[in-house]
Amino acid sequence: MLATISADIVSSTSLNTSELIGLRRRLQELFTRIAEDSPGFWGRIVRGDGIECFVPEYHDALRIAILIKLFVKMAVAEWDCSPQLLRYGIRFSIGIGAISYADREEDIIDGPAIYISGRNLDAISRVRGVYSCIEVDECDKRTNHLLDSYVALIDNLLNSYSIKQAEVVYYKLFGYKETQIGEIIGVRQSAVNSRSSLADWNLLGRAVKDFENFDFDRICG
């Protein structure tokens with residue numbers, strides 16, 4: 001099994017042209033950074049405000065989706081954009097399953113996983129409210145429902161983050177220690193620890209680690 005992430009930038013129309021172009025460029029830089037930790041990963045911008053990612057190790061999908069969400073929240077923090085964009089950043093849909101064809105040079109992703117993530121993103125984009133979701137191909141409805149609730153609750157926690165909290169969690173997801181984060185953002189380690197606690201990092205970090213340990217081949221086989 002592999003994974004894809006389909007996402008869209010919430011209320012992207014509140015950005016002016018130069019801001020949107022700048023955000024797209026910075027997202028491409030983020031994709032390059034993620035690929036350093038997750039070999040084979042690649043991401044692309046589609047339809048102006050859409051995002052599609054190929055994740056060869058499905059265990060990495062949730063961490064990567066969270067990184068992208070927090071990155072967008074941080075990137076737009078000082079812009080005069082909509083409250084929805086400032087709060088949500090993106091909504092994302094994770095699809096886990098087979099991929100029949102993925103070619104970065106040809107810019108093509110094809111197969112059940114991308115169909116699932118794309119279809120579900122379209123569905124959640126049409127309903128009232130903003131949330132994120134997941135579906136695993138060949139899993140039964142009950143298992144997918146539990147996984148979907150799990151991801152939606154994590155996403156809701158992320159939506160509550162202040163920019164300072166998002167910043168700390170973002171670097172923690174890349175594996176930085178609190179002293180290193182403090183040096184990067186220019187605050188004491190005690191301030192990093194305080195923001196980490198307010199962000200419920202212990203819970204979020206454990207949830208991400210649990211996802212990384214899920215054996216979907218066994219659960220859904």
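This report describes selected strands, helices and cysteines of a predicted model.

Strand 1 spans residues 2-9, and seven of its eight residues are buried, so the strand is largely enclosed by the rest of the structure.

Two strands pair with strand 1. With strand 4, residues 90-97, the pairing is antiparallel and runs over eight bridges. Within this pairing, D8 has R91 of strand 4 as its bridge partner. Strand 3, residues 50-55, also pairs with strand 1 in the antiparallel sense, here over six bridges. In strand 3, I51 is the residue that stands opposite A7.

## Helix 7 against helix 8

Helix 7 covers residues 178-185, and its axis lies 8 Å from that of helix 8, at an angle of about 105°. The two helices are therefore roughly perpendicular to each other. Helix 7 contributes E178, T179, I181, G182 and I185 to the contact, while helix 8 contributes Q189, V192, N193, R195 and S196.

## S196 within helix 8

S196 belongs to helix 8, which covers residues 189-198. With a relative accessible area of 5%, S196 is buried, since the limit for a buried residue is under 20%.

Leaving aside residues up to four places away in sequence, S196 touches V168, K172, E178 and W201.

## The disulfide

One disulfide is found in a search of the whole structure. The bond joins C139 to C220, with an S to S distance of 1.4 Å. The pair links distant parts of the chain, 81 residues apart. C139 lies in the loop between strand 7 (133-136) and helix 5 (141-159), whereas C220 lies in helix 10, residues 216-220. Both C139 and C220 are buried.

## Other cysteines

For C133, the closest cysteine sulfur is that of C53, at 14 Å. A disulfide requires sulfur atoms within 2.5 Å, so the sulfur of C133 is too far from that of C53 for a bond. C133 counts as buried, at 5% relative accessibility.

C81 is likewise buried, and its relative accessible area is 10%.

Definitions and conventions
Residues numbered from 1 in each chain as written. Predicted model: local features only at pLDDT ≥ 70, side-chain atom pairs only at ≥ 80, totals over all residues. Heavy atoms only, no water. Buried < 20%, exposed > 50% of the residue type's maximum accessible area, 1.4 Å probe, protein only. Helix = DSSP H or I, 4+ residues; strand = E, 2+ residues; numbered from the N terminus. Pairing = 2+ DSSP bridges. Contact = heavy atoms within 4.5 Å. Axes fitted to C-alpha atoms, helices over the stretch in contact; angles between N-to-C directions. Parallel < 35°, antiparallel > 145°, perpendicular 65-115°, else oblique.
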